[in-house]
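The stops below are meant to be followed in order, with one selection at each.

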Amino acid sequence: MVTMQGNVHDNVDVPCPGGPPLTNNNIDSSRVFVKYHYLDFLGRDPAGDQSHPPDLVGWNFWTSGISECVFDLNCIHGKRIATGLAFFYSGEFIQTDPDMANPPGSPGINPAIYNRRFVYWCYQKYLHRDPTGDPGWDFWTNDLNSNGDYSHMIDAFQLSEDYRDRPFF
Amino acid sequence: MTKRIFVALVLSGLCISQAQAQGQVDFDRLDEKLSRHIETKMPGWKHRRDQPMLNSPNVLIEVWSFPEKGVKIQIVPYKSAEEAREVLRGFLKYERDKEELKGLGDEAYAWGVKRADVVFLRGKFIVYVEAGTNIDADPTARRLSALERFELERTEVKRLSKEFAEHIVGAIDAP
């Protein structure tokens, strides 16, 4: 740490004045957060992989969308949810499952089918497990059916310990 | 008559709580078996039991960590091996990048972009294993191209996932 007077003390991390609390979870990094949305939802590494060229423009776009919030925690929170929704509604993801073809706002949406499937993919993509037989699938589907709030659903999964404890690097 | 109904309700209540308690004991026991088994096979790794998503009581989650490496294990029991197999089919239905892994559990696949996450069946259990590593911790990796880094990371996380998966099979099978 370097004090205002320029004295160097032990190399201890301290939060910036007015900044967010310190974290050692890599998913709190906007760049890592976006990278894992690419990996989980689009099936490609934005840094490039054997089947896909790098997508640094897209990676930077979504990352800066969050990081422009700087220290505004409410802004970061909202942008992370919006980013999650954007990946859910992306053509690239939608085409992987016909039940996801008509997202909210499209004329063909059938909430009875779409909502249950939306929750299914929250488990699959965020938690990396199948929810079949899990009472949580019914619970969250009923929640979504009652309020139609897709942001709330994304938020619940993104903030869960279950998601945050994945080995993000 | 009212007394008999009351007694019946109390008895059925006791049975339900006993069944729930049994489920809890099973997870605790499985958790202990896993911890003991993996601790001996992977010295230096630390672990903790994780809290599942709200209203998901039927999954055991363990997180194992080592400096610059981590592994998340999820174990979900089903009523039967057939039901577990059916759920696995559904899970992999939309997965483009999957590869069958021979000789691991009853049926196993590597999946995901890096084909490094492992999912397998063992009896009535489906087990999900996901590993991660910070390849930049290795100074030589920083000098590699993006594709070379991807390949290096893929190889390392796949090796880790498979190694843990093999230990989990051993732990599940242990008495």
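**Stop 1: Chain B as a whole**

Select chain B: of its 175 residues, 34% count as buried, where buried means that 20 or more other C-beta atoms lie within 10 Å of the residue's own, exposed means 12 or fewer, and partly exposed lies in between, with C-beta atoms placed from the backbone. The model is predicted, so local features need pLDDT of at least 70 and side-chain atom pairs count only at pLDDT 80 or more, while totals for chains, interfaces and linings use all residues. Residues are numbered from 1 along each chain as its sequence is written, and chains are lettered from A and ligands numbered from 1 in the order in which they are written.

Colour chain B by secondary structure to find three helices and seven strands. Helices (H or I, at least four residues) and strands (E, at least two) are DSSP runs, numbered from the N terminus. Along the sequence the pattern reads α-β-β-β-α-β-β-β-β-α. Contacts join residues whose C-beta atoms, placed from the backbone, lie within 7 Å. Among the contacts in chain B with a separation of 6 or more, 51% involve residues 24 or more positions apart.

**Stop 2: The sheet of chain B**

Next, select the strands of chain B. In what order do the seven strands form the sheet? The order is S1-S2-S3-S7-S6-S5-S4 (chain B), in an open sheet with antiparallel pairing; two strands pair if DSSP finds at least two bridges between them. Strand S1 (46-50) and strand S4 (98-100) of chain B stand at the edges with a single partner strand each, so one side of each has no neighbour in the sheet. Neighbouring strands are turned by 20° against each other on average, direction ignored.

**Stop 3: Strand S7 of chain B**

Select S7(B). Nine of its nine residues are buried, so the strand is largely enclosed by the rest of the structure. On one side lie Phe125(B), Val127(B), Val129(B), Ala131(B) and Thr133(B), and on the other Ile126(B), Tyr128(B), Glu130(B) and Gly132(B).

S7(B) runs antiparallel to S3(B), with nine bridges joining them, and antiparallel to S6(B), with five. S6(B) and S7(B) form a hairpin with two residues between them, and Gly123(B) in the turn has a positive phi of about 60°.

From here, move to Leu160(B), which is found in helix H3 of chain B. Leu160(B) is buried, with 24 C-beta neighbours inside 10 Å. Leaving aside residues up to four places away in sequence, Leu160(B) touches Lys69(B), Val71(B), Ala131(B) and Thr133(B).

**Stop 4: Two residues with positive phi**

Most residues other than glycine have a negative phi, and most peptide bonds are trans. Select Arg115(B), which has a positive phi of about 45° although it is not a glycine. Arg115(B) lies in the loop between strand S5 (107-111) and S6 of chain B and counts as partly exposed, with 18 C-beta neighbours inside 10 Å.

Then select His128(A), where phi is also positive, at about 60°. Is His128(A) buried or exposed? His128(A) is buried, with 21 other C-beta atoms within 10 Å, and its place is in the loop between helix H5 (111-127) and helix H6 (135-147) of chain A.

**Stop 5: Where the chains meet**

Finally, show both chains together. The contact takes 34 residues from chain B and 29 residues from chain A. On chain B, the elements that each supply at least two residues include strand S2 (60-66) and helix H3 (146-173).

Notes. Two residues are in contact if their C-beta atoms, placed from the backbone, lie within 7 Å. Axes are lines fitted to C-alpha atoms, for helices over the stretch in contact, and angles run from 0 to 180 degrees between N-to-C directions.
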